[in-house]
Amino acid sequence: MSVTRVYEIPERGSYDIIVAGGGVAGAAAAYTAAREGRRVLLIEKSVMLGGLATLGLITLFVPMCNGRGKQIIRGLADEFMRLAVKYGFDTIPDDWKEGEPQKPTVQRLKTRFDTGMFALALNKLLCDAGVDLLYDTIVTDTVMEGNRCRGLIVENKSGKSYYAADVVIDTTGDADVLYRTGVPCVTGKNYFTMIMHRISLKSCAEAVAARDIGRAIKWTYGGDATLHGKNHPQDRPTYDGTDAAAISEYIRENQLVAFEKLCGDDRKSRAIVTMPGMAQFRTTRRIDGDYTLTVRDVFRHFSDSVGAICDMDQRDYLYEIPYRCLVRSGYPNLITAGRSISAEGYAWDVARVIPPAIITGQVAGLAASISLDSTRDLTTIDIKTLQEKLTAQNVLLHFDDSWVPDNPEPYSENIDHI
Ligand SMILES: Cc1cc2nc3c(=O)[nH]c(=O)nc-3n(C[C@H](O)[C@H](O)[C@H](O)COP(=O)(O)OP(=O)(O)OC[C@H]3O[C@@H](n4cnc5c(N)ncnc54)[C@H](O)[C@@H]3O)c2cc1C
């Protein structure tokens, strides 16, 4: 059986740009577009900014350098990384504390951070930039005129509402908007993982001794399958994260496993300080864009590169992200960023982690603004203008060939982590 209901939905606002989803990519896109003087609405289904990086407890900015002292991922990723630790603890290696080191170093620029302080700092940043924030609101549908998106329908405590926009940026991580507008999308697969934050008497003692509260917080797990699927229970399916029943099963079963693991502890010796507020899926749905980045693109230059990025695990391995990974021809005012850009296999793993997600968010915010200025479709904007603006905002577009070693260390199959 199915039901039909006809609704009249009030329009509650009209914006230059609507950003759907306030993870790091969405926050970067909204902030960047607002800095360009645009009227921006950011719609977030939860009650904080940062997405997986805060609500999802993924508290590690992975390496942003080439493993020899050159910072590859810069721009807003660097600004957000420094913001994430400005009011809380960090684990930036000594050689990088004052910025790019004068001499080569094998230490890699990465850091842990305080989820709460990062979320609070992002909220303040976006408020100061003049972004309108709509929290606790889920984007449920799109209104189309041909392939042009006229606006988004949302659901929240006020019921259903419509917001009109000239450009829509999909940073839901799940390509929720793109999928509903008919943009071709691809689904991924996820292993059985759940990360929680825990403190214990032992970790607190360690933190007190070091006078560093960050040391008190440790990751603890329900399912503990790794990036490459090690520890994934044989009797469990993988999850693409686009089916409501399967998502509930994933969350329910992970919580049952976590409960079982934790029940054996001395109950006064530890506390779970935070559970993830969203399913910790790496890859759900992403755009099938005008270009799809693959591992074959390592060390390859693209004339439409919008940012050089580095492999988070293996030093020296460098990529460039073509602008075409964010858009699909035929859809004039839609763009994506973050973990839903067009990349596959390990290249997607490298392109979707926190620092690159921020860069593509910055790109989407600038591209949206340029499209409005030039009245050109997002797929045909002047790439040179975009690249000039990115360069002015400290984004490295192309890696230098002198950083590519003659014989890069072969990729190690042993590298794996949660
Ligand atoms: C287990 C795991 C381990 C990882 N480890 C690392 C790591 O160590 N370091 C690292 O850098 N990266 C890591 N990552 C990857 C990284 O966390 C993400 O790829 C990155 O944070 C993605 O950011 P995003 O903004 O694209 O998406 P998300 O963080 O998913 O943000 C999407 C936002 O959109 C909102 N949203 C979704 N749907 C809607 C809707 N319909 N309406 C309104 N709002 C909506 C969500 O609430 C969320 O806030 C890991 C990921 C996982 C799952």
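1. Let's start with a helix pair: Val363, Leu366, Ala367 and Ile370 in H8 meet Thr385, Leu386, Lys389 and Leu390 in H9. Contact here means that the C-beta atoms, placed from the backbone, lie within 7 Å. By type, the residues of this contact are six nonpolar, one polar and one charged. Ala, Val, Leu, Ile, Met, Phe, Trp, Tyr, Cys and Pro count as nonpolar, Asp, Glu, Lys and Arg as charged, and the others, Gly among them, as polar.

2. Before going on, a word on the model. It is predicted: local features need pLDDT of at least 70, side-chain atom pairs count only at pLDDT 80 or more, and totals for chains, interfaces and linings use all residues. Residues are numbered from 1 along each chain as its sequence is written. Helices (H or I, at least four residues) and strands (E, at least two) are DSSP runs, numbered from the N terminus.

3. Back to the helices. H8 and H9 (residues 383–392) pack at about 130°, and their axes are 10 Å apart. Axes are lines fitted to C-alpha atoms, for helices over the stretch in contact, with angles from 0 to 180 degrees between N-to-C directions. H8 and H9 are therefore oblique to each other; under 35 degrees would count as roughly parallel, over 145 as roughly antiparallel, 65 to 115 as roughly perpendicular, and the rest is oblique. Their crossing is right-handed, that is, the near helix is turned clockwise from the far one by less than a right angle.

4. H8 turns up again at the ligand. A shell of 38 residues surrounds the ligand, and the closest are Gly21, Gly23, Gly51, Gly173 and Gly338. The cut-off is a C-beta atom, placed from the backbone, within 6 Å. Elements giving two or more residues are helix H1 (24–35), strand S3 (60–61), strand S6 (138–145), S10 and helix H8 (354–374). H1 has the largest share, three residues. The shell divides into 19 nonpolar, 12 polar and seven charged residues.

5. S10 also belongs to a sheet. Three strands form this open, antiparallel sheet in the order S11-S10-S12. S11 (218–224) and S12 (270–274) are at the edges with a single partner strand each, so one side of each has no neighbour in the sheet. On average, neighbouring strands are turned by 45° against each other, direction ignored. Two strands count as paired if DSSP finds at least two bridges between them; S10 (residues 193–200) and S11 have five, in the antiparallel sense. Met196 has Thr220 in S11 as its bridge partner.

6. Which helices lie across S10 and S11? One is H5 (residues 201–210), running at about 65° to S10. Another is H6 (residues 244–263), which runs at about 120° to S11.

7. Now for S6, another contributor to the ligand shell. S6 and S7 (residues 148–156) pair in the antiparallel sense over seven bridges, with Asp141 opposite Ile153 in S7. The two strands form a hairpin with two residues between them, and Gly146 in the turn has a positive phi of about 60°. A hairpin through two residues also joins S7 to S8. S7 and S8 are antiparallel with six bridges, and Val154 has Ser161 in S8 as its bridge partner.

8. Last, S1. Strand S1 (residues 11–20) pairs in parallel with S8 (residues 159–170) over eight bridges, including Ile17 with Val167. S1 also runs parallel to S2 (residues 40–43), joined by four bridges; there, Ala20 has Ile43 as its bridge partner.

Conventions. Two residues are in contact if their C-beta atoms, placed from the backbone, lie within 7 Å.
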